[in-house]
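Hi,

Here is the model I promised to send over.

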Amino acid sequence: MSSIISSLPFDPTLTYINGEWVGSSDSQTSSIENPATGQVIATVSESTASDLDAAVQAAHKAFYSGAWVNTYSGAQRRDALLALAMSIEDNRQALEHLESLNTGKPIRDVRVELDDTIDLFRHFAGYADKVEGRHIAAQTNAGLEGYTVKVPVGVVGFINAFNYPLCLLAWKVAPALAAGCTVVFKPGPQTPLTTLFFAHLLHNTGRFPAGVFNVVLGGVAVGQALVDHDLVDKIGFTGSVATGKHVIRSTASTARVRATSVELGGKSPGVVMPDADLQRTAELVISGCMSNTGMNCNALTRLWVHRSIYAEFLPLLKAAAEKLVLGVPQSEDTEMGPLIDRRQMDRVLEYIRIGIEEDKAQLLTGDGRHRVGQEGYWVRPTVFQNVDPQARIATEEIFGPVLSVLQPFDSLDDVIEIERKSEFGLAAGIFTRNHSDIARFTRKMRCGTIWVNNYNALYSYLPFGGFRNSGFGRELGYESFDGYLATKAIIDDITY
Amino acid sequence: DVHIQNYINGEWAPPTNGLFLDKYNPATGQVILQIPDSASADVDNAVKAVKAAFPLWSKTPVSERAAILLRIADLIDENSSILGTFESLDQGKPVFSAIHFEMPMCAASFRQFAKLITDGGIKESESRLESMITPTSITQPKASITESVTQHIAAGVAGLITPWNFPLPMVCFKIAPCIAAGSTCVVKPTELSSITSFLLSHILHAAGVPKGVVNIIFGSGLGAGEPLVKHKDVKLISFTGGSATGARIGALASGQFKRVSLELGGKNPAVFFDDCNIDHAVTTGIRGAYKNQGEICLCASRQYVQHGIYEKFVEMFRQKVRSDIFVGNPLDPKTFYGPVISQQHMDKVLGYIRLAQEEGATVEFLVNPSDTAVKGVSSDGRLTIEGHEGGYFIAPTLITNIKQSSRVMQEEIFGPVVCILPFGTEEEAVELANDTDYGLSASVWTLDHGKLDRVMRQINAGLVWGNNWLNIDQDMPFGGMGCSGNCRENGKYSLEFYTEVKTLSRHVFD
């Protein structure tokens with residue numbers, strides 16, 4: 001495994017700022033673990049406040065000098081991003097192995113994530129040369145000609161989460177660069193490696209001027225410095241509600257107000273109706289919850305099952321959960337990996353304890369409070385049944401492989417009313433063939449994504465994001481691209 | 001007492017040749033008035049005036065055009081009773097429907113286009129800032145920024161030819177987008193129902209439409225319509241009517257590079273699966289078959305019912321028609337539908353009924369036993385209505401046990417005649433639905449979410465309904481495939497037809 005690190009085509013002890021590979025200005029480092037074994041696999045630098053400032057200054061200069069927006073036409077940004085996509089594709093195996101090593105993700109899952117990453121850069125490349133304004137002809141005799149022009153927002157600072165390091169980087173960076181913004185990117189502190197590899201590939205295309213894309217590494221301190229920096233025009237954040245609120249407050253607490261877009265997590269419900277295909281649904285639900293070991297902000301974590309099929313459905317759910325293969329990430333048979341680190345594992349085990357001892361919920365499957373083995377941060381897929389909808393395990397985001405099957409329900413309309421009042425509003429799923437039930441559910445639920453008879457399917461062209469404490473702003477789709485643009489109106493008296 | 005005259009350049013006048021056509025009241029078969037039998041000379045006068053009015057109208061600010069459109073809408077609303085009553089008298093449709101549904105549709109059309117050209121941020125054109133490399137000399141290429149913008153201008157003089165099934169709405173649906181876009185038009189309404197178009201000329205005049213912007217000339221298709229289509233100064237033709245006439249118009253117009261929009265006929269299928277809401281389905285199937293005497297291009301004239309509910313559906317259909325549907329005097333509020341438009345048309349419809357009988361199909365006339373106005377039913381379905389013995393009334397006709405390949409199943413009848421056949425699988429339903437030369441609309445009935453979506457997406461028609469019929473959103477594109485037509489109307493689609501697009505592309509800076 002260490003051969004993966006030692007054969008990297010770049011030096012992971014450095015980071016990428018202003019087109020150059022540099023170490024931390026005070027030589028700070030941090031250790032990166034493989035969560036499947038708990039072993040340290042690499043050492044990376046930790047950026048200081050002064051490193052962060054250098055990165056933002058570089059991005060600022062690259063933006064305002066016009067290196068990325070005026071000198072590069074939309075078509076050229078498009079071609080740069082297409083070249084980058086090609087380069088990612090050419091190096092995908094190395095990226096897959098690195099991501100799997102750093103996160104413990106099964107190799108099969110990482111392959112899909114690379115497909116998505118490549119697709120995202122290709123998709124958003126297509127927007128780069130289609131930035132259009134509107135020309136609105138004068139409506140009265142005294143009227144003036146008016147038109148709008150869309151321009152990039154400026155310097156964007158990203159704070160990424162650890163759960164999909166490379167894929168979420170693509171979600172954020174592809175549209176931002178396509179729009180003509182410049183970027184300072186901070187990966188999750190546990191998962192910087194594929195971000196650094198990405199920077200290496202970007203640099204080697206030779207098509208991105210210095211300062212257009214920069215990487216800073218570290219945790220809370222660097223993140224705070226980025227969020228506080230007045231030369232940053234917009235912050236994009238993925239993470240917890242608590243940190244998200246802090247980020248939003250910070251963007252209003254310095255000399256300049258900065259725009260934000262935040263994606264904050266969820267407690268997304270699924271609903272199984274009497275006419276659902278029970279076997280297929282059981283598998284979709286387990287996959288919807290346990291995918292990425294439950295470290296998925298849109299995971300299906302609280303399940304409503306209709307009273308008339310409750311007894312029949314639960315054994316199918318149990319079997320589907322117990323069928324999941326936990327194993328070493330490199331194995332093609334492995335379906336589920338470990339949690340990202342010790343802290344996350346402890347948190348998940350604590351919630352399982354809360355479920356058993358405080359919420360008094362009944363376990364359908366799972367090892368209770370026990371981790372799997374002593375090496376690495378493993379927890380078995382856990383399903384609780386007959387859970388009170390107000391229970392802590394049913395309402396708080398656990399971010400692990402824990403599903404709460406709620407007490408049986410009778411009325412879909414009652415379920416909709418309860419879920420519309422949820423603190424969160426990221427996603428939901430419904431399993432039924434009844435057109436009228438689907439129509440009501442999709443129209444009345446107040447959340448960003450609704451899956452009908454499937455779960456977790458996401459596409460580069462469909463927007464994703466939250467309502468309420470799940471956040472605001474959208475990623476993916478045209479809406480995300482538009483989020484990196486600002487509108488100007490120009491009013492012109494052509495009779496003058 | 002109505003004297004119909006041509007409306008040209010803001011004035012009313014008889015046709016230059018002094019000739020008139022007889023118009024018959026379809027409910028009685030009696031002549032009720034005469035309409036001008038206009039010819040080339042009138043068309044020439046009309047086009048000349050419309051062409052002269054174009055430069056000023058096309059440059060009139062949109063807010064002024066919109067204000068005029070809104071005034072037209074208000075005047076239609078104020079006069080909806082009179083307009084609706086004359087429409088019913090002229091066309092044979094029930095008066096209640098004419099006054100309360102169709103006249104409001106006319107007003108709504110003018111309001112919709114008034115709004116489309118002003119409020120709501122409709123973009124009239126797009127602007128793009130694009131960086132392009134333009135060499136200033138062969139040895140020294142220099143990068144420069146070019147700005148491109150589109151300019152939308154009125155397309156010019158249009159000829160509008162309208163049908164007799166919804167006389168006033170059809171005229172309004174064409175005039176409104178045409179003049180909203182700044183184009184001008186000569187309208188040749190159907191000779192079979194001209195009264196409301198004539199009344200509309202007074203409304204347009206009172207609303208302040210400048211003279212020459214809309215001219216209305218009355219006459220026959222051959223006498224007035226054809227010269228209009230062939231006139232060298234008419235750049236756009238919008239036609240709604242039968243496929244045969246549409247084909248002729250298309251052929252005449254294309255040699256002169258005119259923009260032609262054809263909304264033609266349909267033989268629209270309704271597909272009812274076992275798991276549909278059968279009460280809703282039967283009720284709508286009946287409406288789809290007989291509304292407006294079956295004289296709607298969107299009528300569900302062939303209905304396919306899945307085996308599991310076929311017998312029940314047909315029996316419910318029969319019983320409901322017999323109990324709920326009254327045929328008779330259009331001015332009677334009880335009447336569901338009135339006479340068909342003319343003797344000639346009635347003969348055509350009865351001909352199809354006889355054909356079905358000759359082919360050995362089961363042909364039933366579902367006359368309401370408590371309809372005391374019905375004095376008799378002929379062997380081919382003609383009804384004798386008390387006090388209206390000369391009227392062109394046809395019984396609600398149900399045909400079953402007929403072949404899919406029969407002309408009765410393949411050709412547009414445009415009367416109160418429906419064919420109902422059974423089917424087996426989802427694939428069969430799609431095949432049967434797509435098996436004609438038409439493709440205007442269709443409806444699919446099932447409560448299964450996936451099946452509804454799958455089937456709706458596979459039917460080749462411009463407008464497909466799911467668990468409903470005749471719900472038309474005026475902003476969604478409307479038009480047919482195959483022999484049903486070649487264009488899309490409604491909302492911005494209609495405006496685009498009357499608009500010309502230019503691209504302006506200029507150097508900004510190096």
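In what order do the six strands of the open sheet in chain A run? The order is β9-β8-β7-β10-β11-β19, with mixed pairing. At the edges stand β9 (213-215) and β19 (471-472) of chain A, each with a single partner strand, so one side of each has no neighbour in the sheet. (Strands pair if DSSP finds at least two bridges between them; helices, H or I of at least four residues, and strands, E of at least two, are DSSP runs numbered from the N terminus.)

Before I go on, some housekeeping. This is a predicted model, in which local features need pLDDT of at least 70 and side-chain atom pairs count only at pLDDT 80 or more, while totals for chains, interfaces and linings use all residues. Residues are numbered from 1 along each chain as its sequence is written, chains are lettered from A and ligands numbered from 1 in the order in which they are written, and side-chain values use heavy atoms, leaving out hydrogens and water.

Back to the sheet. Strands β7 (residues 155-159) and β10 (residues 234-238) of chain A pair in the parallel sense over four bridges, and A:Val156 sits opposite A:Lys234 in β10(A). Two helices of chain A lie across strands of this sheet. Helix α6 (residues 165-179) of chain A lies across β7, β8, β9 and β10, at about 165° to β8(A). (Angles run from 0 to 180 degrees between N-to-C directions, with axes fitted to C-alpha atoms, for helices over the stretch in contact; contact means heavy atoms within 4.5 Å.)

Now the inside. The largest nonpolar core has 100 residues, and A:Phe121, A:Val173, A:Phe198 and A:Phe213 have the most contacts within it. Its largest share, 12 residues, comes from α6(A). A second, separate core of 54 residues includes B:Leu69, B:Leu168, B:Phe198 and B:Ala207. (A core is a set of buried Ala, Val, Leu, Ile, Met, Phe, Trp, Tyr and Cys residues joined through side-chain atoms within 4.5 Å; buried is under 20% relative accessible area, exposed over 50%, partly exposed in between, with a 1.4 Å probe and protein chains only.)

As for chain B, it has 15 helices and 22 strands. Of its 510 residues, 58% count as buried. Its C-alpha atoms fill a box of roughly 85 × 60 × 40 Å along the principal axes.

Cheers
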